[in-house]
Structures are given as structure tokens and as C-alpha cells.
Amino acid sequence: MRDWRGLLLIGIAILLTSCRAATIEVAVPFEVKETIVEEKLTDGAIIMYTTTQENGGEEFDALSIAYLEGDEEKGWTNEGSNHWEYKGNAPLTVYYRDIYDYSSQGKILSKFQLTYGQVESADIVSIEGSETGNQYVNLKIIDIEGKRYFFEMKKYPYIRALNKEKNVIAEEKPRR
């Protein structure tokens, strides 16, 4: 009599572990308000999205990053980086995230370093990033429905925002 119950439990466990979400928006832990970036990888995707959150009765849009394995055919599984970021209405908000892909034995297979954020000030016309603080590269600003963001699959500890005269009006540097 107990044998069939054990088989049933094993069957349910296999079914639950093999479930994949049909869409990226269903695979992430927070309700997706807007997908900003979907960066395709060999075996999955990294997405940056906004999610509406609440603190002390005040609603705000927070940024979140998700690392998903799978594709549109097989479905998606959430592999991590499951929290949102919000620093308020600063002229420029910058976030950094390291995402790791592990083997079933716990070894690191891949490491993704991300630099991303939101541009709040209308005076900011370009964003630049640097690994060392010496040579800066232009980072693409993503405009979606009047809100502006940036996303790079590289860690840029030095970020600066420039106005139309090319003056630095906001800056992010590593703490020493």
C-alpha cells in the first residue's frame, strides 16, 4: 500500500522540478511592469525590468535584474538575482550586480558583471563608464515611454553623467 504513495510523491517531485514558466515575465519573482532590456545568452537571458513596489504607503517603480535559463520553446527557469533596487529620485541612480551560473556540483560556470541604472535628470544627455577612471566609454541610454535607463554587461565602477555642454553633472566612483 505504501509503495504507490512513494511513487506518487516521486512523480509529483519530478513534475514540480521540471516545471518551467512559459514567458520571461512569469519566471521572475516580481510583477513585471515594463521589460527594459532582454539580453540573450547561449542558454538563457538576463533581463532588466521595472516592478511597482510600496514602502510606507508610497508606491514607486523599482529596477530589478533576473537571470533566467531556457528559451521560448522550452520555457524559462529563474536562476537568481531576485531583489529590486531603489534609491529615490536622484539625478542618476547606478547599480552593480554580479550574477553567477553554477554547475550542479556548485562550481562557477559563468560570471556576469552588470552596471545599470536610471537617468532622472532631463539635463543629462549622455552617460559614460570607465573601469579605471581614466578612459571613459559612452553607455547607451534606453528611452522607454519618457523614462531613461542604461544597462551594460560589464562592470564600470566609474560612471559620469554629462549635460549638453559635456560638463559632468553627476558622478559615481568606488568608495575607498
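How do strands β2 and β3 pair, and over how many bridges? In this predicted model, β2 (residues 44-55) and β3 run antiparallel and are joined over twelve bridges.

Strand β3 spans residues 58-71. Most of this strand is covered, with ten of its 14 residues buried. Strand β4 (residues 75-80) is antiparallel to β3, and five bridges join the two. D71 has G75 of β4 as its bridge partner. Three residues separate β3 from β4, and the two strands form a hairpin. Strand β5 (residues 84-85) also pairs with β3 in the antiparallel sense, over two bridges. Here S64 stands opposite W84.

Rolling a probe the size of a water molecule over the atoms shows where empty space is left. One cavity of 30 Å³ or more was found. The space in the largest cavity is about 60 Å³. Its lining consists of D61, A62, L63, E85, Y86, G88, T93, Y95, Q118 and E120. Strand β3 gives the largest share of this lining, three residues. At least two residues come from each of β3 and β6 (92-102). By residue class, the lining holds four nonpolar, three polar and three charged residues.

Nonpolar packing was considered separately. In soluble globular proteins, nonpolar side chains tend to be buried together. The largest nonpolar core of the model has 16 residues. Within this core, the residues that touch the most other members are I46, M48, I65, Y116 and F151. The elements giving two or more residues to the core are β1 (34-41), β2, β3, β6, β7 (108-119), β10 (141-144) and β11 (147-152).

Neighbours within four places in sequence are set aside here. The remaining contacts of M48 include E34, T35, I36 and V37. L63, S64 and I65 are also in contact with M48. Further contacts of M48 are Y116, Y149, F150 and F151. Among these contacts, I65, Y116 and F151 are also listed with M48 as the core members that touch the most others.

Backbone geometry was then inspected in two loops. Most residues other than glycine have a negative phi, and most peptide bonds are trans. E145 has a positive phi, near 50°. This residue lies in the loop between β10 and β11. E145 counts as exposed because its relative accessibility is 71%, against a cut-off of over 50%. K166 likewise has a positive phi, near 70°. Its place is the loop between β12 (158-162) and β13 (168-172). K166 has a relative accessibility of 58%, so this residue also counts as exposed.

Methods. Residues are numbered from 1 along each chain as its sequence is written. This is a predicted model: local features need pLDDT of at least 70, side-chain atom pairs count only at pLDDT 80 or more; totals for chains, interfaces and linings use all residues. Side-chain values use heavy atoms; hydrogens and water are left out. Buried means under 20% relative accessible area, exposed over 50%, partly exposed in between (1.4 Å probe, protein chains only). Helices (H or I, at least four residues) and strands (E, at least two) are DSSP runs, numbered from the N terminus. Two strands pair if DSSP finds at least two bridges between them. On a 1 Å grid over the protein atoms alone, a cavity is a set of points where a 1.4 Å probe fits but cannot get out, and a pocket is an open set with protein on both sides within 12 Å along at least five of seven lines; lining residues have an atom within 4 Å of a point. Grid points are joined across faces, edges and corners, and a volume is the space filled by probe spheres set on the points. Ala, Val, Leu, Ile, Met, Phe, Trp, Tyr, Cys and Pro count as nonpolar, Asp, Glu, Lys and Arg as charged, and the others, Gly among them, as polar. A nonpolar core is a set of buried Ala, Val, Leu, Ile, Met, Phe, Trp, Tyr and Cys residues joined through side-chain atoms within 4.5 Å. Contact means heavy atoms within 4.5 Å.
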